[in-house]
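We will go step by step.

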Amino acid sequence: MTPVQQLPDLDPYPGITDPRKRAFLIAFPSCGSINATCRHLANSPSDTSVFRWLAPHYREYDPAFLKAFETSKKLAADQLVALAWDRVRHPHDRYGSDVL
């Protein structure tokens with residue numbers, strides 16, 4: 001029997017177990033800002049709301065969160081680049097290639 005290869009851990013935020021911190025990190029790339037992320041989480045059905053002042057607090061006092069937040073910001077930047085390339089390749093009828 002051939003041994004099964006171990007897949008790499010695909011969790012972009014290893015070590016972050018607090019549900020509020022994880023929810024913030026997961027939502028940030030799609031929301032694009034701390035304020036928008038906090039508003040999004042405040043409107044979510046789960047109890048994962050994060051007050052605006054908590055994000056800087058987490059970054060200052062939790063080194064694991066700070067590292068994970070850097071990853072989250074990179075994921076947000078990747079989404080913006082992908083959106084820009086998509087708009088260049090497939091201009092929308094009413095917009096044209098408005099990225100250039």
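pLDDT is the predictor's confidence in each residue, from 0 to 100. Colour by it first, since this is a predicted model. The chain averages 83, and 81% of the residues score at least 70. Where pLDDT is low, the predicted coordinates should not be read in detail. Helix α1 (residues 19-31) has the highest mean confidence, at 92. The lowest is in helix α3 (residues 54-61), with a mean of 88.

**Select α1.** This helix has 13 residues. From first C-alpha to last, α1 reaches 18 Å, close to the 18 Å expected at 1.5 Å a residue. Then jump past the helix to Gly32, which follows α1 and has a positive phi, near 90°.

**Show the side chains of α1.** Which of them are buried? Pick Lys21, Ala23, Phe24, Leu25, Ala27, Phe28 and Pro29. Among the elements that cover them are α2, α3 and α4.

**Move to the largest nonpolar core.** It holds 18 residues. Select Phe24, Leu25, Ile34, Val50, Phe65 and Phe69, which touch the most other members. Two or more core residues come from each of α1, α2 (34-42), α3 and α4 (63-89). The largest share, five residues, belongs to α1.

**Finish on Val50.** What does Val50 contact, leaving aside its neighbours within four places in sequence? Display Arg20, Phe24, Cys38, Leu41 and Tyr58 around Val50.

Key:
Residues are numbered from 1 along each chain as its sequence is written. This is a predicted model: local features need pLDDT of at least 70, side-chain atom pairs count only at pLDDT 80 or more; totals for chains, interfaces and linings use all residues. Side-chain values use heavy atoms; hydrogens and water are left out. Helices (H or I, at least four residues) and strands (E, at least two) are DSSP runs, numbered from the N terminus. A nonpolar core is a set of buried Ala, Val, Leu, Ile, Met, Phe, Trp, Tyr and Cys residues joined through side-chain atoms within 4.5 Å. Buried means under 20% relative accessible area, exposed over 50%, partly exposed in between (1.4 Å probe, protein chains only). Contact means heavy atoms within 4.5 Å. The expected span of a helix is 1.5 Å times one less than its number of residues.
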